[in-house]
Amino acid sequence: MKKHLYVLTVLILSGLAFTACGGDDSDSGTPVKPVVPSSDAAWTVTVRSAVTRGLEADASKLTPVWKTTESVYVYYGESEEYIGTLNPQSDANATVATPLVGRLNALSGTTFVAGGKITLYYLQDQGYSADYSTQDGEIETIAENFNCAKAVTKIDEVDYSTHTLVINSAAFTSVEQPAVVRFEFNQALNSGDVITIKDGTATLTTVTLTAAKALNAPVYVALPAGTYTPSFTITRPGNTYYGSLGSKALAASKYYKASVSLTRYYIGQDLGNAKVVYLGPNTGVAGKTIGLALAEDDYGADYETDDYSWDEAISNMGIFNSSKPYPSNYGTTSWFLPSSAQWKTMHDGIISTGVLYSNHNDSNNDCWYWTANYGEEYQASSNTTSTGNQNKDDQRIRYAVAF
């Protein structure tokens with residue numbers, strides 16, 4: 001995953017001046033004659049600054065921008081009385097000093113004084129908390145919901161004759177500090193596709209696309225900082241696709257890029273003599289990152305009486321390969337005896353598909369199966385392992401493949 005060093009949502013405003021708004025909108029920073037407010041309570045304000053916000057993205061970086069639709073919510077005093085909003089005067093990129101303009105109102109009983117506390121909330125108002133659970137894959141949505149910040153500062157000068165406030169500096173800190181990931185998928189996606197991104201069994205976010213995406217077109221996702229092993233399920237009517245990535249460490253306020261390969265495997269899919277019971281990268285087999293499939297049948301013909309020692313479980317894989325050829329057309333390994341960790345990884349799929357119980361009577365629901373660990377056995381119904389007598393013919397054999 002490629003990391004880029006642009007820091008998202010952290011900024012510093014310096015030399016900000018609340019000055020009255022006149023007819024000169026140049027970026028020189030020279031104050032102009034203020035407009036006389038129409039009401040004693042109204043303060044017409046311009047904030048000049050070279051600092052920019054918002055986000056635009058390309059394949060390698062995020063670029064901050066101003067948007068006239070973005071708001072800065074303004075509160076005054078220790079009690080934080082809401083006194084109005086400011087907006088960028090024009091759309092601009094990161095290199096342009098863009099005024100913030102607006103009309104603030106001193107509330108009843110409020111007196112602006114030098115040293116008075118001013119609190120500014122950029123993009124989202126006081127009390128906002130971003131929701132990571134649902135997204136739409138668009139950078140504009142991330143900018144609106146996560147690229148928000150707060151500054152607490154003070155008034156340096158007050159001029160009641162012109163209704164002018166001057167603030168020398170205001171340092172913003174991020175309210176949210178997500179990592180932003182540009183995912184690119186090896187298949188075109190449709191509007192309405194639902195992308196569920198999980199870390200193990202925990203859902204990180206659900207992305208419902210509002211626009212179709214061409215092959216390798218970006219899908220932008222905000223995620224909290226952390227280390228994840230993300231897996232992807234993409235669902236649309238009639239089809240389900242799967243993909244996964246290895247362990248990835250995502251730092252707060254950083255931009256990443258990741259390519260995701262999708263397949264159409266699904267839990268319960270019949271590969272021929274094996275049924276898919278796990279999808280994900282934790283297969284326990286080097287180079288196999290799609291999933292695990294368990295043989296549809298136990299080794300042996302008589303499901304009532306065939307029980308084997310651990311040594312027989314290890315040695316009979318060749319016989320099983322001859323009698324039940326592994327599904328090589330899917331790029332799988334040959335048959336192997338699962339380790340206890342692999343049994344546990346497959347557990348949910350085993351239970352959901354009932355694969356251990358196919359062609360078996362009910363007494364086999366609680367059977368113990370040999371693992372690849374010496375003398376260790378596994379029981380799916382309890383999802384537990386136990387140390388058995390490896391020389392005793394008392395356990396069953398079921399082989400698996402990885403792909």
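Visitor: Which residues does isoleucine 350 touch, not counting those up to four places away in sequence?
Guide: Isoleucine 350 touches Val277, Leu294, Trp343, Val355, Leu356 and Ala380, where contact means heavy atoms within 4.5 Å. This is a predicted model, where local features need pLDDT of at least 70, side-chain atom pairs count only at pLDDT 80 or more, and totals for chains, interfaces and linings use all residues. Residues are numbered from 1 along each chain as its sequence is written, and side-chain values use heavy atoms, with hydrogens and water left out.

Visitor: How many residues has the largest nonpolar core?
Guide: The largest nonpolar core has 37 residues, and Ile350 and Trp343 are among those with the most contacts inside it. Such a core is a set of buried Ala, Val, Leu, Ile, Met, Phe, Trp, Tyr and Cys residues joined through side-chain atoms within 4.5 Å. Buried means under 20% relative accessible area, with a 1.4 Å probe and protein chains only.

Visitor: Which element gives the most to this core?
Guide: Strand E25 does, with five residues. Strands here are DSSP runs of at least two residues and helices (H or I) of at least four, numbered from the N terminus.

Visitor: Switching to the sheet: in what order do the three strands come?
Guide: The order is E25-E26-E30, an open sheet with antiparallel pairing. Two strands pair if DSSP finds at least two bridges between them. Three bridges join E26 to E30, and alanine 293 stands opposite valine 401 in E30.

Visitor: Which strands are at the edges?
Guide: E25 and E30, each pairing on one side only.

Terms used: Buried < 20%, exposed > 50% of the residue type's maximum accessible area, 1.4 Å probe, protein only.
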